[in-house]
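Welcome! Please take a moment to look over the sequence and the structure, and then we can walk through a few places together.

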Amino acid sequence: MVAADVPQSIPTGVPEAAATAGLNSLKAVGIGVPLLYSLTFFAAPLVFLVVLGFWLVEDFQVVPALSLDNYLDIAEHMFAKSNYALAIAQSLWVALTTAFFAVLVCYPMVLAIVYVAPRSRHRLLLMLAVAPFWSSYVLRLFSWQILLANKGIVNSGLAWAGFENLQFKLLYTQIATRIGLIHYLAPILIVVLYVTVANIDRHLIQAARDLGATRWQAFRRVILPMSRTGLLVSTSFAAIVSFGDVLSGALLGGGAGASVLGSVPLFSNMIMSEYASSTNLPRTAALAMILVLVMVLMLAGGAALAERTKVDAG
Amino acid sequence: MTGRKGKGSTASSTPSGSKATRRRFLGAAAAGGVSAWSGLTIFSRSAHAAGRMRVLCWPGYEEKPVIEEFEQKNDCKVEFKTYIGGEQMLQFYAQSPKGTFDAIISDAEYVQKLTAQKAIDPLKASDFPNLADYHPKYRDFPPLRAPDNKIWAVPTRFSFYGLSYNTKYMSEEEAKTWNSLFLPKYKGKVALFDWYLPNMSNASLAVKPNNQTPYDISDADLAKVKEWLFKLRPQIGVFSEQNQGLVNALINEDAWVTPTGDMEITLIGAGHKNFASTVPDEGSIRWSEAAAVAADSKNKELALKWVEYMSGARVQSELVYTKGFKARAPNMKVTEFWNEEQTKLMSYVPDPKHPGQMLVETLIDKSVPRGLPVKQPDKAWIAIYNEFKTSKG
């Protein structure tokens with residue numbers, strides 16, 4: 001028996017070792033490729049941006065240095081003169097409200113796809129929802145200009161329908177900025193939310209209904225709590241993207257569109273405008289680092305909330 | 001009058017003095033990265049073959065109707081690297097290997113910065129017979145004067161930062177003064193080209209009419225400029241970094257007036273007849289471009305021929321009518337190449353109020369060449385402009 005066992009163990013042992021080695025190689029590739037990608041396209045540019053913020057411009061050339069001049073100068077202009085703080089506040093306000101409304105628009109659409117439409121139509125409906133993403137963002141913004149302008153399609157349509165006195169001032173306000181951003185974000189948010197909502201165990205909903213819950217109660221007590229992580233991830237994603245966006249604020253917001261905070265430019269637009277005026281890349285990098293820092297804080301806040309939700313749900 | 005940038009140096013653009021080699025090397029490496037970011041064309045050395053030249057310029061010079069004749073006549077190929085803004089031009093020049101460019105188009109006020117870097121050669125005015133056809137103010141243009149009766153560059157095109165307005169809402173009378181912008185009906189209806197220099201300089205002229213040196217002002221006058229701008233803030237509905245944004249705002253009547261100028265050329269050309277532009281009585285800023293030969297050019301003969309070519313009436317008649325910009329030509333014989341409609345649109349018609357001169361000449365008389373802040377660092381002007389933008393409108 002023993003003698004018979006030995007030759008058996010040899011051939012089975014070798015493929016196991018080979019399989020383990022193969023699996024390890026696969027793991028290494030699986031981890032290595034995304035790591036390399038992140039290092040190349042995220043970490044390295046970010047490090048360059050950080051380093052660039054400490055450099056200076058001399059004789060129209062970027063000169064390596066380890067100077068805090070850019071940051072000190074920005075700090076001096078934070079609450080006075082250039083008032084960057086006000087622009088940051090405007091950006092935060094627009095970004096957070098955009099995120100709120102974007103999720104408010106997208107979540108019911110996802111619920112409708114998952115729970116109302118037949119399962120066989122999900123893929124088609126998702127494709128239709130994502131379709132705007134295949135067109136150029138700039139092109140979409142210019143299209144919105146045509147729609148929202150003073151003499152645009154919306155106001156002209158109202159006038160044509162006999163509502164000459166019902167004219168809206170939309171273009172060059174932060175409302176228009178938000179519209180452009182929501183249009184940009186919606187396809188992404190729909191996909192993120194679809195993944196969350198489609199994965200909710202339908203047995204739980206059925207159980208709630210069997211126990212006498214109304215549709216509203218089943219939504220409020222089962223679907224909504226189980227969507228919370230997806231909702232928070234979507235909201236923080238939308239807020240971060242909106243905070244850093246330049247185009248919608250420039251083309252639809254008119255550079256300094258009005259909001260409840262007044263006609264104040266977005267921080268991203270101020271960065272662009274300053275770079276265009278001074279072409280001082282190190283100072284622009286320092287300003288961009290502040291933008292990145294606020295984004296990281298927003299991301300951390302979103303992640304912390306999502307984590308807390310998970311714990312609460314657990 | 002087209003919104004365009006030719007920026008002042010930043011406060012950080014201070015003389016560097018002697019620098020360690022390593023710093024320079026790192027700087028050059030960084031510059032390479034920066035240049036790549038900025039879209040700097042990387043030229044191959046072989047492109048320096050005879051019959052080729054490279055020009056650093058504003059958009060428009062590379063358009064076929066402008067350059068085709070020169071390339072055919074001289075059996076050569078001209079490569080262009082376009083920039084937006086004088087500051088960017090200086091950076092592209094400083095960050096490129098020596099000899100990369102054979103000729104440079106510079107805003108007049110940046111010529112002094114190029115000469116400080118010994119980037120361009122002085123030229124003999126007598127080498128440019130077309131100058132005889134130039135408007136007198138451009139035949140001998142002070143910002144371009146070089147020692148020994150030479151010139152640093154030859155003017156190629158110019159225009160104004162006056163008022164462009166919708167005639168449905170603004171009368172010719174109102175357009176005569178910058179202060180009309182404060183009228184209550186213009187609240188939220190003024191569109192600004194988003195750049196501190198022309199806006200603050202025009203404000204400087206508004207508070208100190210017909211000042212020939214609106215950039216060379218005291219701190220007290222700068223405070224008045226700031227006050228004027230802040231008063232204007234509630235009237236501003238749009239800040240746009242692109243001309244197209246301003247044109248759209250005017251067409252859609254989201255804005256009725258813009259202190260950018262020259263918009264009416266584009267608008268009327270597109271069939272919108274209800275637009276006009278003018279230089280207010282207090283004066284406005286005028287931008288000017290000029291062609292220079294790069295000091296380290298390896299093809300100076302061809303570069304010189306190109307500068308001479310750019311001074312001609314035929315090429316200027318095309319240059320001021322490009323997709324990139326609508327502008328005016330310093331060579332007054334351009335009208336020979338335009339039809340009646342173009343001549344009228346470009347204001348090269350008799351001025352009824354000033355017999356014996358053309359409307360464009362009146363506009364030249366009323367405007368002041370653009371310059372850079374003199375008594376304050378431009379950083380101080382930018383800070384005021386930012387404060388103006390973030391002040392609640």
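Predicted model: local features only at pLDDT ≥ 70, side-chain atom pairs only at ≥ 80, totals over all residues.

Which residue of β9(B) does B:Leu192 stand opposite?

## Two paired strands in chain B

The residue facing B:Leu192 is B:Phe239, in β9(B). Strand β9 covers residues 236-240 of chain B, and 4 bridges join it to β8(B), with the two strands running parallel.

Strand β8 itself spans residues 190-193 of chain B.

## Two helices crossing in chain A

Over in chain A, helix α3 (residues 84-116) packs with helix α7 (residues 174-198). Their axes lie 7 Å apart, at an angle of about 45 degrees. The helices α3(A) and α7(A) are therefore oblique to each other. Their crossing is right-handed, and the contact of α3(A) with α7(A) has 23 nonpolar, 5 polar and 1 charged residues.

## Transmembrane annotations in chain A

An unreviewed UniProt entry lists several spans of chain A under "transmembrane region", among them residues 222-244 and 250-272. How do these two look in the model?

Residues 222-244 of chain A are 100% helix and 0% strand, and the end C-alpha atoms of this span lie 34 Å apart. For residues 250-272 of chain A, the span is 35% helix and 17% strand, with its end C-alpha atoms 10 Å apart.

Definitions and conventions:
Residues numbered from 1 in each chain as written. Chains lettered and ligands numbered in written order. Heavy atoms only, no water. UniProt positions renumbered as here; feature names shortened; annotations may be inferred. Axes fitted to C-alpha atoms, helices over the stretch in contact; angles between N-to-C directions. Parallel < 35°, antiparallel > 145°, perpendicular 65-115°, else oblique. Left-handed = near helix turned anticlockwise from the far one by under 90°. Nonpolar A, V, L, I, M, F, W, Y, C, P; charged D, E, K, R; others polar. Buried < 20%, exposed > 50% of the residue type's maximum accessible area, 1.4 Å probe, protein only. Pairing = 2+ DSSP bridges.
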